[in-house]
Amino acid sequence: MNPDQIVVVGDKFAHFANLPGVMTVSQLAHKLDGAAQDEDLPTSVVIGQGVSEGWYTYLKGRFNARGVPVAFRGEEQITGRTGRRFSHKWQRRNILITDPQQTGLNQYHMLLSLDDDCEIISDHTTGHHIQGMVLTEAARQAFLAVSEWFLLPKNEKYYFVINKFNVDYTKFTFPLQVGIDFHIESLDQSRADRMSAKTKIRFVQQNETVCTAEVEYTAILESRLNPKEEQMAITALNNVLDVQASQPRQVA
């Protein structure tokens with residue numbers, strides 16, 4: 001282990017940060033804010049999971065302010081975080097992936113980009129590993145982003161319907177860099193108002209598959225689906241109200 005190199009993770013991964021060579025963002029900030037001499041600061045910082053865009057900017061700024069040379073590694077998982085339109089998330093802290101890059105025919109690649117304050121781990125995190133639901137949501141954002149980036153017209157708005165979503169977890173995933181390999185197994189674009197796809201999404205850490213998701217979904221023009229969805233919602237509501245009205249009232 002290089003004593004001048006550390007991995008920095010979000011504060012939610014405090015258990016993982018108990019391991020040698022790991023610090024939370026708060027621990028590193030404390031050192032940079034005057035608790036450590038320049039010679040005791042790392043010269044190489046590897047970005048782990050949980051580091052927000054704000055923390056990343058702050059840490060870089062503090063190193064610069066102290067005039068301490070440092071190399072940040074793995075920062076592309078923060079600087080490359082995809083946009084709100086592609087992930088279908090309003091808050092950037094809830095975006096879990098970087099921009100997808102095409103690597104071959106029907107093949108795409110991105111990185112997991114986990115913010116400490118994202119909605120999925122906002123309550124609590126246990127142990128050293130990343131919760132499985134983080135990967136499930138990242139898989140959902142992955143098929144949305146690939147579709148919005150590469151498969152659908154940019155000037156139209158689509159509504160996505162999940163038809164099948166199977167997830168297999170094979171290993172613990174730790175708060176280090178995670179690659180996401182996305183493969184389109186079949187694609188149907190025969191109709192002008194919709195597109196259907198069958199995909200396989202692999203999460204890879206240190207050359208090992210830690211999770212696989214098989215997702216089948218349909219993207220439908222929002223203008224076509226909205227009236228149908230509203231009518232279905234009205235029917236469901238009326239059915240519930242009719243059932244409640246037919247039941248005898250209970251007297252307290």
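The largest pocket of this predicted model is lined by Arg84, Arg85, His88, Lys89, Trp90, Glu148, Glu156, Lys157, Tyr158, Tyr159, Phe160 and Glu222. A pocket is here an open set of points, on a 1 Å grid over the protein atoms alone, where a 1.4 Å probe fits, with protein on both sides within 12 Å along at least five of seven lines; lining residues have an atom within 4 Å of a point. The space in this pocket amounts to about 370 Å³, a volume being the space filled by probe spheres set on the points, which are joined across faces, edges and corners. By class, the lining comprises 7 charged, 4 nonpolar and 1 polar residues (Asp, Glu, Lys and Arg count as charged; Ala, Val, Leu, Ile, Met, Phe, Trp, Tyr, Cys and Pro as nonpolar; the others, Gly among them, as polar). At least two lining residues come from each of α4 (84-87) and β7 (158-169), and β7 provides the largest share, with 3 residues.

Residues are numbered from 1 along each chain as its sequence is written. Because the model is predicted, local features need pLDDT of at least 70 and side-chain atom pairs count only at pLDDT 80 or more, whereas totals for chains, interfaces and linings use all residues; side-chain values use heavy atoms, with hydrogens and water left out.

The protein chain contains 6 helices and 10 strands, these being DSSP runs numbered from the N terminus (helices H or I, at least four residues; strands E, at least two). Along the principal axes, its C-alpha atoms fill a box of roughly 75 × 60 × 35 Å. Of its 252 residues, 40% are buried, that is, under 20% relative accessible area with a 1.4 Å probe, protein chains only.

Strand β1 (residues 5-9) has 4 of its 5 residues buried and is therefore largely enclosed by the rest of the structure. Strands pair if DSSP finds at least two bridges between them. β1 runs parallel to strand β3 (residues 44-47), to which 4 bridges join it, and pairs with strand β2 (residues 22-24) in the parallel sense over 3 bridges. Valine 7 stands opposite valine 46 in β3 and opposite valine 22 in β2.

Helix α5 (residues 132-151) is likewise largely enclosed by the rest of the structure, because 15 of its 20 residues are buried.

Glutamine 77, located in helix α3 (residues 76-79), is buried, with a relative accessible area of 2%. A polar atom of the glutamine 77 side chain lies 2.8 Å from the backbone oxygen of glycine 48.

Notes:
Buried means under 20% relative accessible area, exposed over 50%, partly exposed in between (1.4 Å probe, protein chains only). A polar contact is a pair of N or O atoms within 3.5 Å; within protein, one must be able to donate a hydrogen and the other to accept it, and residues adjacent in sequence count only if both atoms are side-chain atoms.
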